[in-house]
Amino acid sequence: MDYKKAGVDIEAGYKSVELMKKYVQETMRPEVLTNLGGFSGAFSLERIKNMEKPTLVSGTDGVGTKLKLAFLLDKHDTIGIDCVAMCVNDIACAGGEPLFFLDYIACGKNEPEKIASIVSGVADGCKQAGAALIGGETAEMPGFYSEDEYDLAGFAVGIVDEKDLITGKDLNPGDILVGITSSGVHSNGFSLVRNVFSMEQDALNTYYDSLQTTLGEALLTPTKIYVKTLHSVKEAGITIKACSHITGGGFYENIPRMLKDGTRAIIRKDSYPIPPIFDMLADSGDIEEKMMYNTFNMGLGMIVAVGEADVDKTLQAVRAAGEKPYIVGQIEAGEKGVTLC
């Protein structure tokens, strides 16, 4: 008996590392002091010395059951973008700059080419966020996961000067809410999605004119990464007073997290176009409107609050970053929460 006969192939692990190295190398920043394959990743903080009060911000998350679609469609090269996005968008939402990222892949069987494909997506997400992929772990766990399945999670660390933290403390009635479009369902609510749509190959590979792609491709569209967009707003000299990353829990859970006591967000549902995938979900699953807004991002992945005088500049900065912004509502005095109208 040896480890391979027990279900763990050490040589496959070595091959996975070799195959992923080229993707990891593309994410490197000058601050990275170690190479892939060591016991830890080292990142220099030399350049933060000019900050008044350098503050670390972190985020950790996984992809969730969206992975099931990757398994069914045997497509693994974009799911890593989702993993990175779920972590770095939270950091950006606090005003931070993501510095580095680590991933964790647990699988039933280490297939080096599949692992490398997953990591290529992680590296792509890191490049979009400007973060270095400085390490990770691939755990082969036979008997815990089936051979063709895996789990994917990640952890990111960022930096922000304390004075630039986005906390909502300066939010006031009259401030304007600007929404930035999502790329689709992103990486939340897939337990409901998988109950609404058939998870058979024929159904997932069906092309829909309204989606301009197949259902499976629409659902697998990677989560949008907003790091550079929010940086563009900051570089335009605009103070983001509050920010909400619309993830699990949709509007009703996430928007109140950006508010201070005594303020209420008013969102106009007709202020931006809702992508057709959400109409398909609601119609196919007979899902009531409130549940849709309480589960999905409904076409807005990030919402920022800015002063009325900064609205035009904010719209311009978001567009300059290649994204589509909409004025979706405003802040009013009232009980902390959100009203959709």
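In which sense do strand β5 (residues 176-181) and strand β11 (residues 325-333) pair, and over how many bridges? They pair in the antiparallel sense, over five bridges. Before going on, some housekeeping: this is a predicted model, where local features need pLDDT of at least 70, side-chain atom pairs count only at pLDDT 80 or more, and totals for chains, interfaces and linings use all residues. Residues are numbered from 1 along each chain as its sequence is written, and side-chain values use heavy atoms, with hydrogens and water left out.

Helices (H or I, at least four residues) and strands (E, at least two) are DSSP runs, numbered from the N terminus. Two strands count as paired if DSSP finds at least two bridges between them. Back at β11, Tyr326 is the bridge partner of Gly179. Strand β9 (residues 263-267) also runs antiparallel to β11, again with five bridges, and here Ile267 has Gly329 as its bridge partner.

Now for some helix packing. The axes of α8 (residues 227-235) and α12 (residues 311-320) come within 8 Å and cross at roughly 140 degrees. Axes here are lines fitted to C-alpha atoms, for helices over the stretch in contact, and angles run from 0 to 180 degrees between N-to-C directions. The two helices are therefore oblique to each other, since angles under 35 degrees count as roughly parallel, over 145 as roughly antiparallel, 65 to 115 as roughly perpendicular and the rest as oblique. Thr229, Ser232 and Val233 in α8 meet Thr314, Ala317, Val318 and Ala320 in α12, contact meaning heavy atoms within 4.5 Å.

Elsewhere, there's an open sheet of four strands with mixed pairing, in the order β1-β4-β2-β3. β1 (54-62) and β3 (132-140) stand at the edges with a single partner strand each, so one side of each has no neighbour in the sheet. From one strand to the next, the twist averages 15 degrees. Strands β2 (residues 97-107) and β4 (residues 150-161) run antiparallel, joined by 10 bridges, and Tyr104 stands opposite Ala153 in β4. Helix α3 (residues 79-93) packs on this sheet, touching β1, β2 and β4, and its direction makes about 30 degrees with that of β4.
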